[in-house]
Amino acid sequence: MTEWGRGYLHLCTKKTEIILKIKNMEGNMFCYQCQEAAKGIGCTLKGVCGKNDTTARAMDLLLFVVRGVSIVSTALRKQEKMFDCKRVDSFVTDALFCTITNANFDEESILRRVEAGLQLRNELMAQAGQEGLALSQVDELTWNGTRTDYAEKAKLVGVLREPNEDLRSLKELLVYGLKGMAAYHEHAMRLGHSDETIHAFMQEALCRLAVETLSADDLVALVLRTGEVGVRTMALLDAANTGRYGHPEMTRVNIGVGKRPGILISGHDLRDLEDLLEQTEGTGIDVYTHSEMLPAHYYPAFKKYAHFVGNYGNAWWKQREEFAAFNGPIVFTTNCIVPPLKDASYKDRIFTGNSTGYPGCKHLETDAEGHKDFSEVIAMARQCQPPTELETGELIGGFAHNQVMQLADTVVGAVKSGAIRKFVVMAGCDGRMKSRDYYAEFAKALPKDTVILTAGCAKYKYNKLPLGDIQGIPRVLDAGQCNDSYSLALIALKLKEVFGLNDINELPIVYNIAWYEQKAVIVLLALLSLGVKQIHLGPTLPAFLSPGVLKVLVDTFGIGGISSVDEDLKRFGLLG
Ligand code: SF4
Ligand code: SF3
């Protein structure tokens, strides 16, 4: 960076810090966890995502309570004391997950979690007391308010409680990584795969944030460790998904509609889809996926359902138009929810589940065996018109690690012959910002001897473009959901082995990743822990990265932003 650049950045930072201090004094909300953070600084009056200020503060309080629970559970674990760790693990995982961007807008459900968390913490503290354990005298353990005290307390425990901007940046980077990890772990847990070492790590990290005075170096180490545990979490989820539903395989997915009424299912939770498909079989109702549920079509286990018709629409942010046109009920299994407009025709057709919530929408409970009863959804679908056709045709996907390994000879041959010159990893998230058109333009401008490797909803920017194939290999290889970025890492490691390279960064792979919410943070940390360097993040760099922390990421890992399509093609060595 030039001298001038450094000086300018310093001024900007100072200005930002002053704004933050004022906002803090005014008792405003403050959230900067996603790519849409207002003005690239943070949301202070209401979230750009639609989150209310009071809901944002309720989430801050919930995270405060989660830290309290984690302090006691960590102390009990360290002393090898028996406690109800299943209850603690579920509470912490769900609480973190429900604070992810666009997961839960239902303030009442957040407040109920605060109450449940305080009760859990107090029970654990009582147990720790009986066991003779000495606990730190931190606010997270000593505060005991009731509903009437929540709003005032929440103002004191948010992101800005840490006055030092670099430490704040690192602490939040860590917490966002943990949120993403919680989301992926929760999906695996729903399929019976729960890893106690992952729970213990998450709770210990949250405990340390509350009780220790961590230096920047301590925090960097903890963030890097989060990436390592993130890899383990994604591997666990991969095993859970493939163990139950088989390995994703190359699949053509219909994007048109049938003539019968349908139910649209969105989010990332395959267990809910399994229940829904079973319960709708033979009812005359069809099932369609939306956004991140598209990759479910790639799994062998779901192919047996003739009424699993196809994918409807695009990424999450197009919900308002697409849900209105769908005509039938919509089930959210996880994020991303776009708040419906007041007069939205589909508002009464929305159902939420798991960690998601929206005020006024019916929440589907999960029973002790992990099942949901979709009869109300099915009954509603019977009264609805079939979906309005948005488009016709097919999408191709299913290129997760197992399928790509089966094609390894063809892929390696194409690389050796020069037919494939480079792979471009364009995984991550999609979003509504106009600047994200960059990714469609970038995909269009890529030379014909390049292949895009993708996962996550970022794919919707280019998965319907006629990009063709190279010797039968589609130029967009979709591995699946954002968690299936793990597959992309496995593919890279396999290629490294096949080509006999010492370093994953010697592969002809460029990383141009689009991020939006906190699952992308754990994916990023996981890739860093696997040694991947030179990752480009866009459309903007995270607001929560202070200049100091960004510098560490740039110096250590070569992280960078994006500029224009032409510049980046040159910069990434992608021009002919
Ligand atoms: Fe703003 Fe994103 Fe936070 Fe929503 S999640 S309040 S858009 S920073
Ligand atoms: Fe998309 Fe929300 Fe991130 Fe799972 S659904 S990738 S944004």
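F326 has a relative accessible area of 0% and is therefore buried, where buried means under 20% relative accessible area with a 1.4 Å probe and protein chains only. Y288 counts as buried too, because its relative accessibility is 0%. This is a predicted model, in which local features need pLDDT of at least 70 and side-chain atom pairs count only at pLDDT 80 or more, while totals for chains, interfaces and linings use all residues. Side-chain values use heavy atoms, without hydrogens and water, residues are numbered from 1 along each chain as its sequence is written, and chains are lettered from A and ligands numbered from 1 in the order in which they are written.

A pair of aromatic rings is described by the distance of the centres and the angle of the planes. Rings of Phe, Tyr and Trp (its six-membered ring) pair if their centres lie within 6.5 Å; planes under 30 degrees apart count as stacked, over 60 as edge-to-face and the rest as tilted. The count comes to 20 aromatic pairs. In one of them, Y32 and F544 are edge-to-face, with 6.2 Å from centre to centre and 70 degrees between the planes. This pair links distant parts of the chain, 512 residues apart: Y32 is in the loop between α1 (3-25) and α2 (53-78), and F544 in the loop between β15 (535-538) and α18 (547-557). Helices (H or I, at least four residues) and strands (E, at least two) are DSSP runs, numbered from the N terminus. Both Y32 and F544 are buried. The rings of Y288 and F326 are edge-to-face because their planes stand at 80 degrees, with the centres 5.5 Å apart. Ring pairs also join F30, Y32, Y176, W515 and F544 into a cluster.

A cavity is a set of points on a 1 Å grid over the protein atoms alone where a 1.4 Å probe fits but cannot get out, and lining residues have an atom within 4 Å of a point. About 120 Å³ of space lies in the second largest cavity. Of the 19 residues lining this cavity, C31, Q33, C49, K51 and T101 are the closest to its centre.

Note on methods:
Buried < 20%, exposed > 50% of the residue type's maximum accessible area, 1.4 Å probe, protein only. 1 Å grid on protein atoms, 1.4 Å probe; cavity = no way out; pocket = protein on both sides within 12 Å on 5 of 7 lines; lining within 4 Å. Points joined across faces, edges and corners; volume = space filled by probe spheres on them.
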